[in-house]
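Here is a short briefing to read beside the sequence and the 3D view. Take the topics one at a time and find each residue as you go.

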Protein chains: 2
Amino acid sequence: MKSDLRNFFYERLNELERLEGILNLLGWDQQVYMPSAGSGSRARQIELLSTLIHERQTDPAFLACVEELFREADPAEAAHFTNVREIRRSLQRESKLPKEFVAERSRLHALSYAAWVEAKPHSDFAAMEPHLTKIMELARQEADLVGYEEHPYDALLDVYEPYATLAQVKPLLLEIAETLARMIGGCEPSSTRRSSSPSVGESDQAKLCARLAADVGYDFDRGRLDKSPHPFQSTIGSGDVRMTTRYDEGDYLSAVFTVLHETGHALYEQGFLEQHRGTPMGSAISLGVHESQSRLWENLVGRSKPFSTYLYRVMGEYLPEAQRCITPDDLWRESNRVMPSLIRVEADEVTYSLHVVIRLLLEEALISGELNVRDLPTAWDDLYEKYLGIRATHLRDGVLQDVHWYTGLVGYFPTYALGNVYGAIMMERIRHAIPDLDTQIERGGFSPLLRWLREHVHEHGRRYTATELLTKIAGQPPTAKPFLDYLRVKLSQNES
Amino acid sequence: MKSDLRNFFYERLNELERLEGILNLLGWDQQVYMPSAGSGSRARQIELLSTLIHERQTDPAFLACVEELFREADPAEAAHFTNVREIRRSLQRESKLPKEFVAERSRLHALSYAAWVEAKPHSDFAAMEPHLTKIMELARQEADLVGYEEHPYDALLDVYEPYATLAQVKPLLLEIAETLARMIGGCEPSSTRRSSSPSVGESDQAKLCARLAADVGYDFDRGRLDKSPHPFQSTIGSGDVRMTTRYDEGDYLSAVFTVLHETGHALYEQGFLEQHRGTPMGSAISLGVHESQSRLWENLVGRSKPFSTYLYRVMGEYLPEAQRCITPDDLWRESNRVMPSLIRVEADEVTYSLHVVIRLLLEEALISGELNVRDLPTAWDDLYEKYLGIRATHLRDGVLQDVHWYTGLVGYFPTYALGNVYGAIMMERIRHAIPDLDTQIERGGFSPLLRWLREHVHEHGRRYTATELLTKIAGQPPTAKPFLDYLRVKLSQNES
């Protein structure tokens, strides 16, 4: 009987994993290869598959099984205990949301997204105001339905960063914001991109990027790299972890860092243990921890001096002409240009977290009711002026720039900055564990670093919460210090 | 009540269409882009989706609905009547097969396919004998379960060529075989490929092929052309009809004719009326009719003199160096080399049907019990000697060459030859309807021809059976004469 319940539980998880893999393939193909006229039927295929997944997640027999397993779960049996605990946690949330609420939310988000696609190019915030007002209302309603201890925002944040709270995250990010704003005081704001680099064809860039991904440890037998307008990483199945990038012929470093970023995500997904596939023990802890992996490879490794030396050498094989125009030191400087700017996704490593903090402060105020949606554009611009010393002249470069809020993702942004914090904490410990890390990186030897991440992060799946994992790694709960120390050193090198 | 039933029927068809489109995407991706290590989870995804489809097809409520709709269907309401009639026909077949039988059949076919992949390179028929014996036993059993009027083979053929019977198909194909065997009496048998042509890179070939597909009417906004080891056409959804080819750098004509072939299939799929999508009125009649479309474009158009003139001109834009080595007449001769050979998929237009007839005769004998699987290799070689004057020295080039039987496809082969017969009948009528067809083709004007096919074939979906459609087109039931007349003219031109 007991083993029957377990079988039912793991078979259902297995079925859900397969359906989610299929759903991810539908999404991957949509963004990478689907012909334009396929969008109508693709939307209907995705809708159907999402329904099938939802039915299986909310099936009363499954819910009862999970409750029963939870009652008798033994914490000493760590993997099974984790699986039951985590599945129960997400099911409990789902079960508190009435079906009609979920349906209305989906409809609203789809409508709002379509409106945003139209409104953004025209900086037409007035068109979005009613949508965003309704989205924030529903978000507050969702928080009330789900429940929270201190702040309604906690209930929203929890979807993306389980177990985290505003009381924990906000002071951390505010400390970063205040410190960074002071640090970059002397930098010239700019709305332009990196200085011009020689034009490099897409296929040469693609070859270089594939080589870099393979060198750092991405397994191409278990994945692939394609092109899409918005870069992303997607897990289609066990042994099938894909990523995409875009290419800018005038700026090959853009693809290099995008691919390092997506490779970081993919290495996490390729690093789960095979026996835990499709269960919480074979899944990511949180978006923050996922982002720690992407940013660690993109920034802490990719924008370091030893990596520039390695990259310069590899460039000689793939982009010999572009290489001849520069020195390894130029490459490092190009990778580390700091310029306060308006657009989050184009921001440098130092100013990036400021963009995130601004969004967190605005989200909090919108959810608590201190800020009206009508006043959001001005509040946005004021915070950009305060932290980055720059105001948007068009709302498309201001409050309308990111899709997140307009498609209902409220509480998502902080995970980007948490990734920076977590990654820096890990890197401090990695430098202790691998004293010759820089020499290794310079030589293109990334396997000790990857092994460390596999052992200390990837292979644990969701056994620990993000805070527990970081505490286990660093001996104390996460602080901003490692990240700020790292940036201080980088800025001082940059000035020298 | 009546309209409730109708809604249920069409909603179920719509759901099935979406699930089948997703299944096709899983298969397309598997053959085109999936990384090698993804095969395990892909197989499990395909298995799950096939189960979901099967459950929806065999759901008693759906079966009852179809029976009820069939009782009250009005033939004057042609589209609805066709939809109910055709769905009922395939459901009735399915309902006669016990669940255990279907499961055993699937297992056997999967095992046998895996064994064939191993056995073929070693010409190891002994390894396949037990599998094939069991497959033929199950096929006979299936025929008995499903029922038939004259010959058990009819029940198998019906899956691929609905409403056709051995009594109808065999005399047609035998007449072709006897006539062709006499016609090619003077040709030198060969086991080698076409004479060497200049080496042409894959990307140039791909550009030429895409241009040809677009010129004949394939809509790239509603599809795409990719590369795969075995070329195929796949319909992922409304507005998403894809095809693949392979490239041989030493033989660019191989890709040209492969793409014309797959384009023929794709034009049929792109030609169904939008309002009938996902219903029998928006689906192909049979594999024979599908093949008539691919072979019409590949052979009757693609290997004609006016097409060679057009192709030669277009080659000047994409393969200028290869073009300089030849004349339009050389191109036509290269496209029409007739050589009895061992491998079906490499056969020329004239000898191709002989390969098919041999397989039909063997299938019939295996199913009726006149031939034992043990004696199959010799029977195979004897028929090749009789019709093509050539014997295989390795069984991998003989009885082991095609996957069909070894994965349970019995009754499939005749559709390849029926496609030739149907296509030639259509072409005779097309030449009456479009007297200046050759001039049009020479100029690259394919739209009158495509319009004729849309109107007389594609847009009818499954309203008519293949025989009814061809009778409607030609004024009499299908005969071999148009196909044989066409080949006679071609052979006489080839000799001149």
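A residue counts as buried under 20% relative accessible area, as exposed over 50%, and as partly exposed in between (1.4 Å probe, protein chains only). By that rule B:Tyr163 is partly exposed, with a relative accessible area of 33%. This is a predicted model, where local features need pLDDT of at least 70, side-chain atom pairs count only at pLDDT 80 or more, and totals for chains, interfaces and linings use all residues. Residues are numbered from 1 along each chain as its sequence is written, chains are lettered from A and ligands numbered from 1 in the order in which they are written, and side-chain values use heavy atoms, with hydrogens and water left out.

**How the two chains meet**

- Contact means heavy atoms within 4.5 Å. Chain B gives 35 residues to the contact, and chain A gives 35 residues.
- Together, chain B and chain A bury about 2800 Å². Buried area is the accessible area (1.4 Å probe) that two parts lose on being put together, summed over both. Carbon and sulfur atoms account for 61% of it.
- A salt bridge is a side-chain nitrogen of Lys or Arg within 4 Å of a carboxyl oxygen of Asp or Glu. One joins the side chains of B:Arg242 and A:Asp29, at 2.7 Å from N to O.
- Four elements of chain B give two or more residues to the side that touches chain A: helix 1 (2-32), helix 2 (39-58), strand 2 (233-237) and strand 3 (240-245). Helices (H or I, at least four residues) and strands (E, at least two) are DSSP runs, numbered from the N terminus.
- That side of chain B has 14 nonpolar, nine polar and 12 charged residues. Ala, Val, Leu, Ile, Met, Phe, Trp, Tyr, Cys and Pro count as nonpolar, Asp, Glu, Lys and Arg as charged, and the others, Gly among them, as polar.

**Salt bridges within a chain**

- Side chains of opposite charge can pair when their charged atoms come close.
- The whole structure has 74 salt bridges over all chains.
- A:Glu68 pairs with A:Arg71 in a salt bridge, the closest N and O atoms being 2.9 Å apart. They are three residues apart in helix 3 (residues 60-72) of chain A, so about one helical turn separates them. A:Glu68 is partly exposed at 29% relative accessible area, while A:Arg71 is exposed at 60%.
- B:Asp329 and B:Arg333 form a salt bridge through their side chains (3.2 Å, N to O). Both lie in helix 14 of chain B, four residues apart, about one turn of the helix.

**Around B:Arg303**

- The side chains of B:Arg303 and B:Glu298 meet in a salt bridge at 2.8 Å, N to O. B:Arg303 is buried, with a relative accessible area of 10%. B:Glu298 is buried too, at 12%.
- The backbone oxygen of B:Arg303 lies 3.0 Å from a polar atom of the B:Asn336 side chain.
- Is B:Asn336 buried or exposed? B:Asn336 is buried, at 4% relative accessible area.

**A backbone detail**

- B:Tyr163 is not a glycine, yet has a positive phi of about 75 degrees. B:Tyr163 sits in the loop between helix 7 (152-160) and helix 8 (166-183) of chain B.

Definitions and conventions
A polar contact is a pair of N or O atoms within 3.5 Å; within protein, one must be able to donate a hydrogen and the other to accept it, and residues adjacent in sequence count only if both atoms are side-chain atoms.
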